[in-house]
Amino acid sequence: MNALTPNRPDVPAPVGLLAELTHRCPLRCPYCSNPLELDRRSGELDTATWQRVLTEASGLGVLHVHLSGGEPTARNDIVEITKTCADLGLYSNLITSGVGGALGKLQALYDVGLDHVQLSVQGVDAQNAEKIGGLKNAQPQKFAFAAKVVELGLPLTLNSVIHRGNIHEVEGFIDLAVKMGAKRLEVAHTQYYGWAYVNRAALMPDKAQVDASIRIVEAARERLKGQLVIDLVVPDYYAKYPKACAGGWGRKLMNVTPQGKVLPCHAAETIPGLEFWHVTDHSLGEIWRDSPAFTAYRGTDWMKEPCRSCDRREKDWGGCRCQALALAGDAAATDPACSLSPLHAKVRALAVEEAAETPPDYVYRTIGSNVRSPFKEDVNS
Amino acid sequence: MNAVFPPPAPTPDAAESQRLLSPDELEAALRDIGARRYHILHPFHRLLHDGKLSKDQVRAWALNRYYYQAMIPVKDAAVLARMTDASLRRVWRQRIVDHDGDHPGDGGIERWLKLAEGVGFDRDYVLSTRGILSATKFSVEAYVHFVAEKSLLEAIASSLTEMFSPTIISERVAGMLKNYDFITKDTLAYFDKRLTQAPRDADFALDYVKTHATTPELQRLAMAALTFKCNVLWTQLDALYFAYVAPGMIPPDAWTPGTGLIAEAPGAPAAAGIRKMVADDKPRLPRGVRLRHDETRGKYVLLAPERTFDLDDNAVAVLKLVDGNRSVAAIADELGRTYAADPRAIEADILVMLDGLAEKRVLER
């Protein structure tokens, strides 16, 4: 039976759940996708609640669960939660830094039926990688973790977030992925929300570097066909059209925060005035279907021009709402990453300008810091 | 090449069908026309299928056939223009969508262009239609005129060659992949779609003809229309045979080998590492890849790292048998028994599908 569609054909069934089990993480990457205000351990959902959330997700049609964080293995019940996924037939994807307690829990995770591991690598050169991640001695831990994943026969994806501090290492990431025995590599240019937005000037590469990185990836794809699958995410600011954020707002994915708040995407809390519901107050189905945050930008009714009459409106769904807010000052505006946005030229000029300057120091993510965005009104003032 | 090809038998004499046929008899008579006259029987197609053509002869076929593909939406728009019933138009317009796609880079014509590029043509040269045989153009244009000028019943009946096309497509894909190392599954993407689109289209058209050919006279017109269409296809292969096989008389202005091509990369290495799957291989889904029934959406999906593959019924039937013990040949045999089809044709299709999954690293052997 389908819990959603009988009376609401406009609400598609979700396919993926990003479970941010905790915001705790040994790394301090300056582009972290977690919000600036991080949840503390004391407020995290307990095991039973996560298990209920997963059961409800399965009933709604979710197929993939991304066990993420922070560092998901920082939770003592990560094995139990993974087992619940397996029992429900949900595809479990562990998104991990591979440091701290990750290696010690891997065998148990394998035994209960973990499906896939996505391991982050910050750089190829250890010194550079550890500067970016803000943790000494992280690189050898990651290598040991990757070796164990492959030894167990689990599929491994390496995830590299690309920015001006490591864009010279793209070829190296590809070699590393092959050497480690990964099946997939994500070469993901930084998306400038949250911490990455704060650190944008330190992270933004220039256009020539971006183009070179794309050429390297395309050549490697051809060379390594059948051996390594490479997914490339290009930086928004240099793109022609925006990405469909999370596959379209409230269409495919939902994100549950460590405290149980359910978001249409991990950055949605940056939009003021949105009302998010908690799994402790409502069922996941109610939240997906009816919560104000999910209905706010679902479909196309909320759109303004140029989205409203655009042929692509059901392809990219207007792009990213959070980026529209950050750059255009209006969450219902066309994502300025889109070349059809009246602000696009300005955004692009900004990227070029920042990339040309000497990068400032990173603002590392920490729990309890009081960080304000330095770019409050940089485009739309 | 001196094989003797029996001339196709003529259409049953009109006198035989002076009486009104039942709808099922009419269908049988229409199918009989295909059994005798469809271009699957043409010598050129047999050569193509059996791998007996040179690369340039395959190119000539791909180039000329492009003209037919490109004109199909023009033909269907002419049919559409004659339909006064919105419910008919809603069905028929899907054919135009299938061929033109919803955006640049999509649709059947585009996939045919990919095929032409796949065998070495410069895209702009194909689009220019400069090297197309005049006979190809004449027969295709005769088809467009036919549907615009004859009755709607005849226009629809002339499309019924689609009833026979799944067979020719299966044979063609199987034969071409097996016999030509310059043909890849990507090149043949056009046919993947047609395997499902053509039967859907044909079902509708056949139903229409059976319902609307209500007198002996109308039934004869429908049969004649289908015969005409068979001849449109047959004539195109005659012209190809004449120009590029024997006696090899290429008309002035038609494509000559060596022209209209993009420069071939010298010794471009084949895709690294992974060899193609063969019939003896025993495929299996590795850890982290699972076939699962999705109750919410009522279909099977293949769950894999960071992605979900939507599967058509054929793929599901194959993957249910992929267990690391059965060989590709054994899977094909089993499906051949289940679906009463030629296991070797199925095998070629399965190999294409499995290679696609292996390349994405979600299938091993």
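**Reading a two-chain model**

Reply: The buried residues of helix α14 in chain B are B:Ile346, B:Glu347, B:Ala348, B:Asp349, B:Ile350, B:Leu351, B:Val352, B:Met353, B:Leu354, B:Asp355 and B:Leu357. Please bear in mind throughout that this is a predicted model.

Me: How many residues does helix α14 of chain B have, and what span does it reach?

Reply: Helix α14 of chain B (residues 343-359) has 17 residues. From its first C-alpha to its last it reaches 24 Å, close to the 24 Å expected at 1.5 Å a residue. It is followed by B:Arg361, whose phi is positive, near 65 degrees.

Me: What helices and strands does chain B have, and what share of its residues is buried?

Reply: Chain B has 14 helices and 3 strands. Of its 365 residues, 36% count as buried. Among its contacts with a separation of 6 or more, 73% are between residues 24 or more positions apart.

Me: Which residues touch the most other members of the largest nonpolar core?

Reply: That core has 196 residues, and those touching the most other members are A:Val65, B:Leu63, B:Ala116, B:Val209, B:Leu226 and B:Ile350. Helix α11 of chain B (residues 216-245) supplies the largest share of this core, 12 residues.

Me: With which residues is B:Leu63 in contact, leaving aside neighbours within four places in sequence?

Reply: B:Leu63 is then in contact with B:Ala116, B:Phe121, B:Val126, B:Gly131, B:Ile132 and B:Trp255.

Me: How is a sheet read, and what is the strand order in chain A?

Reply: Strands of a sheet pair through backbone hydrogen bonds, either parallel or antiparallel. In chain A, 9 strands form an open sheet with mixed pairing, in the order β7-β6-β5-β4-β3-β2-β1-β8-β9. Its edge strands are β7 (229-233) and β9 (262-263), each pairing on one side only. Within the sheet of chain A, β2 (residues 64-68) and β3 (residues 91-96) pair in the parallel sense over 4 bridges. A:His66 stands opposite A:Asn93 in β3 of chain A.

Me: Which strands does helix α5 of chain A lie across?

Reply: Helix α5 of chain A (residues 138-152) lies across β4 (116-120) and β5 (156-162) of that chain, running at about 165 degrees to β4.

Me: How many residues of each chain are in contact with the other?

Reply: The size of an interface is often given as the accessible area lost when the parts come together. Here the description is by contacts: 23 residues of chain A are in contact with 21 residues of chain B. The side of chain A that touches chain B has 8 nonpolar, 10 polar and 5 charged residues.

Me: Are A:Trp317 and B:Glu306 buried or partly exposed, and why?

Reply: A:Trp317 counts as buried because it has 26 C-beta neighbours inside 10 Å, and a residue is buried at 20 or more. A:Trp317 has a positive phi of about 50 degrees and is placed in the loop between α11 and α12 of chain A. B:Glu306 is partly exposed, since 19 other C-beta atoms lie within 10 Å. Phi of B:Glu306 is positive, near 60 degrees, and B:Glu306 is found in the loop between β2 (299-304) and β3 (307-310) of chain B.

Definitions and conventions. Residues are numbered from 1 along each chain as its sequence is written. Chains are lettered from A and ligands numbered from 1 in the order in which they are written. This is a predicted model: local features need pLDDT of at least 70, side-chain atom pairs count only at pLDDT 80 or more; totals for chains, interfaces and linings use all residues. Two strands pair if DSSP finds at least two bridges between them. Helices (H or I, at least four residues) and strands (E, at least two) are DSSP runs, numbered from the N terminus. Two residues are in contact if their C-beta atoms, placed from the backbone, lie within 7 Å. Axes are lines fitted to C-alpha atoms, for helices over the stretch in contact, and angles run from 0 to 180 degrees between N-to-C directions. A nonpolar core is a set of buried Ala, Val, Leu, Ile, Met, Phe, Trp, Tyr and Cys residues joined through C-beta atoms within 7 Å. A residue is buried if 20 or more other C-beta atoms lie within 10 Å of its own, exposed if 12 or fewer, and partly exposed in between; C-beta atoms are placed from the backbone. Ala, Val, Leu, Ile, Met, Phe, Trp, Tyr, Cys and Pro count as nonpolar, Asp, Glu, Lys and Arg as charged, and the others, Gly among them, as polar. The expected span of a helix is 1.5 Å times one less than its number of residues.
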